[in-house]
Amino acid sequence: MDIVLIGFGTVGQGMAEVLSRKGATLQSSFREKLRLVGVFDSSSYEVSKKGLDPRELLTRKEKLHRVGPKLEGKSVLDALKDIDYDVMIEATPTNIEDGQPGLGHITAALKAGKDVVTSNKGPLALKYGELMRLAEKNDARLRFEASVGGATPIINVARELLMGEKIQSIRAIVNGTCNFILNRMMDEGLPFDQALREAQEMGYAEKDPSYDIDGIDSAAKAAILANAIFGRDCSYNDVRRSGIRGITLEAISMAAEEKKVIRLVAEISPSRLEVSPRLVPVGHPLAIGGTLNIFQMMTDLAGEVTVAGRGAGRLETASALLSDLVALMKEDCVVRRRTV
Amino acid sequence: MWPFPSELPQPIQETATAGLPLIALGRPELYIHAHIVIIRFARSFGPHYEGNEMRVHADLRLKDVPGQLVRALEPISANDGNIVGVVHHHEAVTAGRITVNVTFEVSSQKSLEHILDEWKKGEVDVARLSSMLETFDFEYLLVGELSPSDLREIGEGIESIGDLDSVEIRYSVSPSADEKAAMIFGKMKQKSGLGRVDDFLRHRAMQSGIILISGLGE
Ligand SMILES: NC(=O)c1ccc[n+]([C@@H]2O[C@H](COP(=O)([O-])OP(=O)(O)OC[C@H]3O[C@@H](n4cnc5c(N)ncnc54)[C@H](OP(=O)(O)O)[C@@H]3O)[C@@H](O)[C@H]2O)c1
């Protein structure tokens, strides 16, 4: 399996590390060569038919802030045309306005009949239906476990392990930054602005925090879940959204008097698609602390199924990308066995 | 019209006895408990209210001979009742009778009366009976620029939605901030009423830039 990796930031580098750590084991389990044949960041790229050494790429990126020779005005899409690959791992920044540049990368790969594994929310939260139809038309596979919940498996759990169930609703906490802020306000009595600054200092929140605290990130994830698990064809713009900006200490202490905490909850069901702050009873799974993510599914047979885990991070997100990569390898393995 | 804290003589005194109404003004009732003001729009309907599921708990004393339990439960099903639970106390036999606790739902007071009639005819002894209307809870926390008169309007708005069993609004009288937080707790007699309360509050919140934080529901 020849892989091209687009985006060599936190997640891309995490993926390189994971490939270097797990590559050999995977190759022997699936009896298939796993090669990284191309890597891109915003200004440079590196290709090798024989396969690149992920360790070397990491060292080079650290030293030179590039992965290879400069693109010199060449676009990623042009460069891609000359690379022979099977799977694209797309990990460029999420853009919720138009999905670019990830949308262009994913579209090009699918059109060429290549499989795609991505952590990028933008293209999926905006153009899910189109991308899925494109994948189907070109007999390509598009997997995106890493786009929601970081390391926490949700999409594949719901679509594959719970395949026979009717999932009636999902309630989830999908933004660790908001959870961190709300927790600090409650535990330490910090006002909102101070808790936000702390989240920024600890590297949880972006410099422009609006993506987290106005519920944009959560809404993008809610749209992806609605599409992937509830069979909707909706976009980020269809999600009813309100964030946590403006929640006061008084509100938090008033909730506490009633043994409740405030959490930014994404709720997805056939009749609801919303991200909003909610009152959650203390002790309820959604009252989870720290920066963890949690998903509570209501199903017809199994009842409540809850998964929780780390929602972001270098190796954590790479672990979700890896789970999709392994799923592709496994499927190929089955196909190979059948055709033998 | 009824006075709100802003219209009450200041300073507001704290009540010494928790939960005791300092000022009870009929409907809605206004309580001030420590620094919290509680406004309660309550209507308590007895079990005579029609058209709403009623949950009934009955302690029955049955003769300790076979067939008695069936005889006691049959009238419930025959009158469209839905049996929720039965607890049999075999060990406690007094005067040849054993106690059975039955919990069931009926759709009207009339059905309950029929059941009671049939028990009487069947010599099923009813030791204790209590009933409760089934209600559907809602809860919200509002955050933003909320004056007492805004809250009054909101309470009245919810009240005017219909199907309301009760609603209570709590807020702090601390004069420090413009940004206030207020809790709303309520009960609806019909489940469909919950959606109307939600629509009303969402609309109201959007209009006046208030943050609306809703409970998780069931
Ligand atoms: N970080 C997490 O924990 C996490 C968790 C879940 C999902 N995600 C998603 O995963 C994706 C990557 O996140 P990240 O944290 O790794 O972001 P990041 O650290 O900002 O890295 C983004 C990478 O994409 C490269 N890039 C930007 N524009 C490009 C272009 N036009 N062509 C090629 N490469 C381009 C950047 O190049 P330079 O190196 O040259 O700047 C950088 O290497 C995002 O969509 C994010 O939402 C992240």
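Which residues surrounding the ligand are the closest?

**View 1. Residues around the ligand in the predicted model.** The closest are A:Ser42, A:Lys61, A:Thr92, A:Thr94 and A:Gly313, among 23 residues that surround the ligand (a heavy atom within 4 Å). By class, this shell holds nine nonpolar, eleven polar and three charged residues, with Gly counted as polar.

**View 2. Polar contacts of the ligand.** Polar contacts are pairs of N or O atoms within 3.5 Å. An N or O atom in the side chain of A:Lys61 lies 2.7 Å from a ligand oxygen atom. Backbone atoms also take part: a polar one of A:Phe8 is 2.8 Å from an oxygen atom of the ligand, and an N or O one of A:Gly313 is 2.7 Å from a ligand oxygen. The protein buries 75% of the 890 Å² that the ligand exposes when taken alone (Shrake-Rupley method, 1.4 Å probe).

**View 3. Contact between chain A and chain B.** Each chain is represented in the contact (heavy atoms within 4.5 Å), with 23 residues from chain A and 23 residues from chain B. About 1,800 Å² is buried between them (accessible area lost on being put together, 1.4 Å probe, summed over both), and carbon and sulfur atoms give 57% of this area. On the chain A side, A:Glu250, A:Met254 and A:Leu279 lose the most area to chain B, together 35% of what that side buries.

**Notes.** Residues are numbered from 1 along each chain as its sequence is written, and chains are lettered from A and ligands numbered from 1 in the order in which they are written. In this predicted model, local features need pLDDT of at least 70 and side-chain atom pairs count only at pLDDT 80 or more, while totals for chains, interfaces and linings use all residues; side-chain values use heavy atoms, without hydrogens and water.

Key. A polar contact is a pair of N or O atoms within 3.5 Å; within protein, one must be able to donate a hydrogen and the other to accept it, and residues adjacent in sequence count only if both atoms are side-chain atoms. Buried area is the accessible area (1.4 Å probe) that two parts lose on being put together, summed over both.
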